[in-house]
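Q: Could you walk me through this structure, one feature at a time? I would like the general idea, then the case at hand.

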Amino acid sequence: QVQLVESGGGLVQAGGSLRLSCAASGRTFSTYAMGWFRQAPGKERDIVAAISWSGGNSYYADSVKGRFTISRDNAKNTVDLQMNSLKPEDTAVYYCAAVSTYSSGRIYYRQGDYAYWGQGTQVTVSS
């Protein structure tokens, strides 16, 4: 099993940047594919970005492509989401998620694929 704790959320003006970090417990973090999701008030939880456990493959939602970057450090058991050029529509609670996999290059896109979730961190972008 793995436990996930997000940090780095906050209030930022439009055009600004934030870096979210997800710290994972557990010895086998390197065999978990990871994802970042977000949920705005009144909306469904959607995927933002995902990364394979090797770190070699990544995915971004169209809405964040070119602005957000997902990365992981398997030695430190962390996965980060660098968010640049933030927009008010990026305002949401951001969640880190993990799924155990034998495939080093596989990426998971659906909420239901992920077995472990963090508690979420609020990101608010003011206009």
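Q: Is Arg 67 buried or exposed?
A: This is a predicted model, and the reading rests on relative accessible area. Buried means under 20%. Arg 67 has 9%, so it counts as buried.

Q: Which residue forms a salt bridge with Arg 67?
A: Side chains of opposite charge can pair when their charged atoms come close. Here the partner is Asp 90, with 2.7 Å between the closest N and O atoms. Arg 67 sits in the loop between strand S6 (58-60) and S7, while Asp 90 sits in the loop between S8 and S9. The pair links distant parts of the chain, 23 residues apart.

Q: Which residues are joined with Arg 67 into one network?
A: Shared partners make the network. Salt bridges join Arg 38, Arg 67 and Asp 90. Arg 38 forms a salt bridge with Asp 90, and their closest N and O atoms are 2.9 Å apart. Arg 38 belongs to strand S4 (residues 32-39) and Asp 90 to the loop between S8 and strand S9 (92-100), so this pair ties together parts 52 residues apart in sequence.

Q: How buried are Arg 38 and Asp 90?
A: Apply the accessibility cut-off again. Arg 38 is buried, at 14% relative accessible area. Asp 90 is buried too, at 0%.

Q: How many salt bridges does the count come to?
A: The count comes to five. One of them joins the side chains of Asp 80 and Arg 19, at 3.2 Å from N to O.

Q: What is the order of the strands in the open sheet?
A: Start from the general rule. Strands of a sheet pair through backbone hydrogen bonds, either parallel or antiparallel. In this open sheet of four strands, the order is S1-S3-S8-S7, and the pairing is antiparallel. The edge strands are S1 (4-7) and S7 (68-73), each pairing on one side only. From one strand to the next, the twist averages 15 degrees.

Q: How many bridges pair S1 with S3?
A: Look at one pair in detail. S1 and S3 (residues 18-24) pair in the antiparallel sense over four bridges. Ser 7 stands opposite Ser 21 in S3.

Q: Where is Asn 77, and which residues is it in contact with?
A: Locate the residue, then list its contacts. Asn 77 is in the loop between S7 and S8. Its relative accessibility is 17%, so Asn 77 counts as buried. Leaving aside neighbours within four places in sequence, Asn 77 is in contact with Cys 22, Ala 23, Ala 24, Gly 26 and Phe 29.

Q: What does Gly 118 touch, and where does it lie?
A: Gly 118 lies in the loop between strand S10 (116-117) and strand S11 (121-126). Gly 118 is at 12% relative accessibility, so it counts as buried. Not counting residues up to four places away in sequence, Gly 118 touches Leu 4, Glu 6, Tyr 95 and Cys 96. The C-alpha atoms of Gly 118 and Ala 97 are separated by 6.4 Å, and the two residues are 21 residues apart along the chain.

Terms used: Residues are numbered from 1 along each chain as its sequence is written. This is a predicted model: local features need pLDDT of at least 70, side-chain atom pairs count only at pLDDT 80 or more; totals for chains, interfaces and linings use all residues. Side-chain values use heavy atoms; hydrogens and water are left out. Helices (H or I, at least four residues) and strands (E, at least two) are DSSP runs, numbered from the N terminus. Buried means under 20% relative accessible area, exposed over 50%, partly exposed in between (1.4 Å probe, protein chains only). Contact means heavy atoms within 4.5 Å. Two strands pair if DSSP finds at least two bridges between them. Axes are lines fitted to C-alpha atoms, for helices over the stretch in contact, and angles run from 0 to 180 degrees between N-to-C directions. A salt bridge is a side-chain nitrogen of Lys or Arg within 4 Å of a carboxyl oxygen of Asp or Glu.
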